[in-house]
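Please read the paragraphs below alongside the sequence and the model.

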Amino acid sequence: MDLYRRRELLLILVNRNLKIRYKNSTLGFFWSLLTPVLFILIYGIFAHILGFSKTRPDYLEFLIVGIVVWQFLAMCLNDSLGVILGNANLIKKTSFPRFILPLAMVIANLINFLLTLVVLFAYLLAVHMTFGNLAILPAVLLAQCALCLGTGLILATTNVFFRDTEHILSILVLAWFFLTPVFYPIDKQMAFLPADLNWLAFLNPMTGIVCGYRAALMSDGVAFLHLTWISLGVTLLILIAGVAFFQRMASRLADEM
Amino acid sequence: MTKTFRLRQGGTPTLKSMALDILRGGRLKRDFLALKDVTFSVRHGETLGIIGANGAGKSTLLSIITGTMSPTSGTVTTHGSISSLLELGAGFHPDLTGRENVFLNGAIMGLSRKQMRDRFDAIVQFAGIGDFIDQPVKHYSSGMYVRLGFAVAVEIDPDILLIDEVLAVGDSDFQQKCLQKMRDFRERGKTMLIISHDLKTIQSVSDRILLLDSGSILGMGDPANVIDEYQSLTRKRNARLIEREWGTGEVKITGVSLLDGTGVKTDRFKWGAPLEAVISYHAEGCIVQPVFGFSISDEGGRVIYGNNTQIEKFDIPRIEGDGSIALTLEKIAMAKGTYRVSFSVHSADHKINYHRLDNKYTIDVESDKAFEGYCYMPIKWGR
């Protein structure tokens with residue numbers, strides 16, 4: 001496949017993404033650890049005030065896993081806006097499969113995520129967390145990458161033709177965040193739905209993905225694991241739609257910039 | 001092949017503009033034909049120069065051949081690897097160092113890291129940027145930018161090299177190096193497509209020249225011929241730009257013939273040779289003491305020389321009906337270039353302009369004498 005032939009370019013672009021992100025900041029790479037820590041702090045305090053923190057003894061770990069996982073998606077969504085527009089130079093002046101740009105962006109964020117995941121792992125070991133079935137982990141990870149790529153492809157393209165995307169996105173991301181059981185337990189969400197309709201919650205692909213991570217890392221919510229198939233299905237649809245949309249528009253990108 | 005751009009009023013759509021469009025019943029759209037049915041082929045090992053005014057479609061053409069844009073209809077077929085230099089520092093990321101950008105560009109062109117490593121020293125050497133190679137390119141001067149861009153595009157050693165107007169930048173030293181490199185390229189049987197406004201250079205490096213005008217091919221073939229065609233086209237356009245005809249019409253200049261010393265009509269004159277003009281007129285009724293005049297302006301609109309019958313005390317007591325006035329300029333003293341000639345007829349007190357033909361005629365002055373300034377004054381050196 002063309003992408004395999006272009007792996008050198010992919011590698012360089014991933015490298016570039018990683019280098020540039022923190023190039024002009026003093027703390028550099030530490031931001032990729034510091035950002036989730038700060039988020040955890042804020043949501044931890046907020047959850048404590050609202051009383052969420054009393055819902056379970058391991059609430060802190062629960063929150064940390066949720067935030068770290070969410071951050072991977074949030075970073076990808078944010079970066080996808082500029083993945084085409086920010087590379088106008090390359091798009092307008094050079095020829096290569098455009099698909100490499102969003103792909104490199106997701107891979108760069110994945111590397112960041114994997115590093116935070118290592119730290120998270122170390123932390124969970126330190127607090128003697130009982131891990132669930134860790135074999136789920138690679139599958140959920142792959143699903144999340146697919147989701148990041150699918151949404152990234154759609155957003156990157158849309159933002160070229162319709163610049164309002166970036167303004168709309170910040171609202172959508174906020175709504176998406178609250179619809180996903182990141183800082184509240186999934187049971188809270190389920191309580192709103194009739195028992196036979198609780199699969200509806202898993203139409204949000206992130207619900208299934210977050211549940212999957214928690215099932216693997218802290219053996220939590222295993223009872224809902226069968227419903228994550230719904231999330232996986234939605235993820236796959238988003239990926240297919242993203243690829244199809246992007247490939248369709250790729251030839252028009254240079255004209256619009 | 002044809003390329004259409006959809007021009008939208010006011011750029012990228014926003015929510016507000018979309019709402020307005022719905023109210024208006026449709027978006028204001030206009031199609032702009034950047035290239036109209038352009039068909040040509042370039043042989044292997046040939047160097048094709050592409051010329052044309054700004055907006056003629058030259059850059060769009062190269063963008064499509066490179067593959068950054070796709071044609072609206074038609075196809076482009078290329079054989080072999082393509083390296084293109086579409087703009088100074090194309091594809092450089094400002095935050096990355098020169099070294100990183102070189103490898104990035106190499107990867108875009110499809111070269112492996114190993115292949116790039118082998119070429120790296122040659123690139124740095126050709127670009128002549130020394131230690132700056134490890135500085136972010138945002139700190140580069142525009143000259144360094146171009147030099148590095150050119151060095152990468154050339155050292156990648158593609159089968160086809162596309163160059164868009166890069167010879168215009170960089171100092172003459174580097175331009176010489178570029179030209180030398182392009183000649184090397186040509187000798188090694190590589191194919192090149194070059195856009196340039198530097199007609200002299202492009203004529204010397206091209207096997208054939210393609211003239212584009214508003215998206216269509218106006219001419220293609222022998223460099224000297226096509227460049228001639230282009231120059232006369234621009235001359236006509238420029239002249240038309242500030243050409244004006246006005247006056248009361250009591251006397252009309254019905255025509256002016258510009259002749260060389262032998263009485264042959266021409267618009268090309270040799271420096272030092274004579275220029276003759278026969279001004280034909282028609283006067284309604286009897287006009288007393290008319291004054292005929294002329295002026296010669298350069299392309300910037302500066303009047304180089306102007307004179308009339310009154311200043312030269314050539315008395316014309318009265319004219320009536322048809323007639324003509326002859327003007328002889330014994331030696332053309334202007335520097336080589338393109339000039340516009342105006343003719344006029346007005347009253348002796350300059351209060352009534354009967355007829356004025358501003359910048360109506362265009363002449364070319366050819367010269368081997370390369371003096372400085374606008375015109376030549378006869379001199380003698382002695383010792």
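In which sense do strand 9 and strand 17 of chain B pair, and over how many bridges? Strand 9 (residues 244-246) of chain B pairs with strand 17 of chain B in the antiparallel sense, over three bridges; two strands pair if DSSP finds at least two bridges between them. Here B:R244 has B:D358 of strand 17 as its bridge partner.

This is a predicted model, in which local features need pLDDT of at least 70, side-chain atom pairs count only at pLDDT 80 or more, and totals for chains, interfaces and linings use all residues. Residues are numbered from 1 along each chain as its sequence is written, chains are lettered from A and ligands numbered from 1 in the order in which they are written, and side-chain values use heavy atoms, leaving out hydrogens and water.

Strand 17 of chain B covers residues 353-366. Strands are DSSP runs of E with at least two residues, and helices are runs of H or I with at least four, numbered from the N terminus. Of the 14 residues in strand 17 of chain B, 11 are buried, meaning under 20% relative accessible area with a 1.4 Å probe and protein chains only.

Strand 17 of chain B also runs parallel to strand 11 (residues 268-270) of chain B, joined by three bridges, and B:R268 stands opposite B:D364. With strand 16 (residues 337-347) of chain B, strand 17 pairs in the antiparallel sense over nine bridges, one of the paired residues being B:F343, whose partner is B:L357. Five residues lie between the strands of this hairpin, where B:H350 takes a positive phi near 65°.

Helix 5 (residues 142-155) of chain B is mostly covered too, with 13 of its 14 residues buried. Just after helix 5, B:D157 takes a positive phi of about 55°.

Technical notes:
Buried means under 20% relative accessible area, exposed over 50%, partly exposed in between (1.4 Å probe, protein chains only).
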